[in-house]
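Colleague: I would like to go through this model and ask what stands behind the labels. Please set each value against its cut-off.

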Amino acid sequence: MKLSVIGCGYLGAVHAAAMASIGHDVVGIDVDQRKVDALAQGIAPFFEPGLPELLKDGVASGRLRFTTDMCAAADATVHFIGVGTPQQKDGYAADLTYVDAAVDALLPFLKPGDVVAGKSTVPVGTAARLAERVTPTGATLVWNPEFLREGWAVKDTIEPDRLVAGVPTDGTGRADADGERAADVLREVYHTAVATNTPFIVTDLATAELVKVAANAFLATKISFINAMAEIAEVTGADVTQLADAIGHDVRIGRRFLGAGIGFGGGCLPKDIRAFSARAEELGRGESVSFLREVDAINLRRRDRAVDLVVDALGGSVFEKRITVLGAAFKPHSDDIRDSPALDVAVRLRGLGASVVVTDPEAIPNAKAKHPQLTYVEDRDEALTDADAVVLVTEWDEYRRQLSPEHASSLTKGRIVVDGRNGLDAAAWRAAGWSYYGMGRP
Ligand code: UGA
């Protein structure tokens, strides 16, 4: 099939490359010339395991092209909208400027029978509004939310755990004739996933938009729930990691996303829960999701807690202490530093007068551009040298599994480790003579 993907950021670049890899003829379109030039040479503009290979293969096969020229969409029959929906500068709501601009730019190239599939995360009601513009062209607007995780984006795109297609419906919520046809077009697009019986859920437009924000709101709530338990554990001497293991055995609860620590960040969960709250307020249902404000507040408190732990461990002041911060990315397997709890902790420690040294296997260039005031050292061991305290904030294997406390002892001055992700073997670090501080652990 001939596909266009509008917006070649995280979502769009991966989607375009993945669709080419399953046999489609794909053009990725973006307004950023530099990004397009890199992608066209098969170079990923961000770190994502597996993406460089997919890009190179796609470009070499001739099935994957990138351009800034929207005219290229004219040949395609299915158009994916994958542009960003960041948080507005002056509020909690999502900024829909890029989605509106992408659809407006695409309109002149749409033909009767085309399908426009929105993938961006949008406030419920956006698709219905956009459909009013798309429908007069004879094309059909559907919403096809994306659930990929950074670091696993290629796998999540090619082998998703479910596919959701929000389509036009009749008055009773059933897909109408255009909706049925558009859902069939999406089944054809995702033929490899459909062939392996991946659940394919057809809904109306509003439900599809809500599925996405509900999923992220649930995940954020799960993380803040366990972090709230960590706060209680901290005043009772309990261990939140054992608590998570124990409740996680209940299949109704499940252990995943019960990792207590410095909380969630990134380009999705924080802004999505805020946009959801803002949209619910607009709809007169703010109270239905008012708990999301608490989810956000718990999450942000954990960053304070990590900073307080470091200060306390160093005897009440970090002034002029050398502190090695292991990690800058918002999570491992990513170079993304958007709303990164790791960097936030580093910046706050520096604000308290510490001499902060940050290391990360992938995120240093991005971190340096955003926070040039911090000191960055690429080599982990060099970063650890002469440290008074070590703070783990992104649980890369390089720090969690491949750094032994004995080796760390041979480099650092002090023996204080604050484990902001509860990722280290506390007993092993203590046995090696370290004062170990976890999050929500005795
Ligand atoms: C998230 C969702 O997991 C994806 O399903 C969704 O498609 C994506 O947002 C999106 O909307 O585009 P992502 O932002 O890549 O994916 O990251 P997650 O793996 O969800 O992690 C988010 C944050 O939560 C990270 O900072 C991570 O360190 C933190 N986290 C995760 C915890 O603090 N504890 C946990 O137990 C799990």
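Modeller: Domain bounds here come from an automatic or database domain assignment. The model itself is predicted. The assignment gives domain 1 (2-198), domain 2 (213-296) and domain 3 (300-438). With those bounds, the C-alpha centres of domain 2 and domain 3 lie 24 Å apart.

Colleague: How do you know that domain 2 and domain 3 are in contact?

Modeller: Contact needs heavy atoms within 4.5 Å. By that criterion, 18 residues of domain 2 are in contact with 17 residues of domain 3. The size of an interface is often given as the accessible area lost when the parts come together. For domain 2 and domain 3 this is about 1,400 Å², with 44% of it on carbon and sulfur atoms. On the domain 2 side, E231, E234 and I262 supply 42% of the area buried against domain 3, more than any other three residues.

Colleague: Why is R274 called buried?

Modeller: Buried means under 20% relative accessible area. R274 has 11% relative accessibility, so it counts as buried. R274 lies in helix 11 (residues 269-282).

Colleague: What makes the pair R274 and D296 a polar contact?

Modeller: The limit for a pair of N or O atoms is 3.5 Å. The side chains of R274 and D296 are joined at 2.8 Å, and the pair is therefore within the limit. Not counting residues up to four places away in sequence, R274 touches Q87, Y92, D296, L300 and D339.

Colleague: Where is H333, and what is its phi?

Modeller: H333 is placed in the loop between strand 9 (322-326) and helix 13 (341-351). Phi of H333 is near 65 degrees, a positive value in a residue other than glycine. At 32% relative accessibility, H333 counts as partly exposed.

Colleague: Why is G248 called buried?

Modeller: G248 has 11% relative accessibility, and the cut-off is under 20%, so G248 counts as buried. G248 is found in helix 10 (residues 240-248). Leaving out residues up to four places away in sequence, G248 touches G254, R255 and L258. The C-alpha atoms of G248 and L258 are separated by 7.8 Å, with the two residues 10 apart along the chain.

Colleague: What makes T198 buried, and which residues is T198 in contact with?

Modeller: The relative accessibility of T198 is 12%, so T198 counts as buried. Leaving aside neighbours within four places in sequence, T198 is in contact with P160, D161, R162, L163 and A193. The T198 side chain reaches the backbone oxygen of A193 at 2.7 Å. T198 is found in the loop between helix 8 (191-195) and strand 8 (200-204).

Colleague: Which residues of helix 7 are buried, and how do you know that they are on the same side?

Modeller: G179, A182, A183, V185, L186 and V189 are buried in helix 7. They cover an arc of only 155 degrees around the axis, which puts them on the same side of helix 7. Helix 7 (residues 177-189) has 13 residues and reaches 19 Å from its first C-alpha to its last, close to the 18 Å expected. At its start, a side-chain oxygen of D176 reaches to within 3.2 Å of the backbone nitrogen of D178.

Notes: Residues are numbered from 1 along each chain as its sequence is written. This is a predicted model: local features need pLDDT of at least 70, side-chain atom pairs count only at pLDDT 80 or more; totals for chains, interfaces and linings use all residues. Side-chain values use heavy atoms; hydrogens and water are left out. Helices (H or I, at least four residues) and strands (E, at least two) are DSSP runs, numbered from the N terminus. The expected span of a helix is 1.5 Å times one less than its number of residues. Buried means under 20% relative accessible area, exposed over 50%, partly exposed in between (1.4 Å probe, protein chains only). The arc is that of the directions from the helix axis to the C-beta atoms. A polar contact is a pair of N or O atoms within 3.5 Å; within protein, one must be able to donate a hydrogen and the other to accept it, and residues adjacent in sequence count only if both atoms are side-chain atoms. Buried area is the accessible area (1.4 Å probe) that two parts lose on being put together, summed over both.
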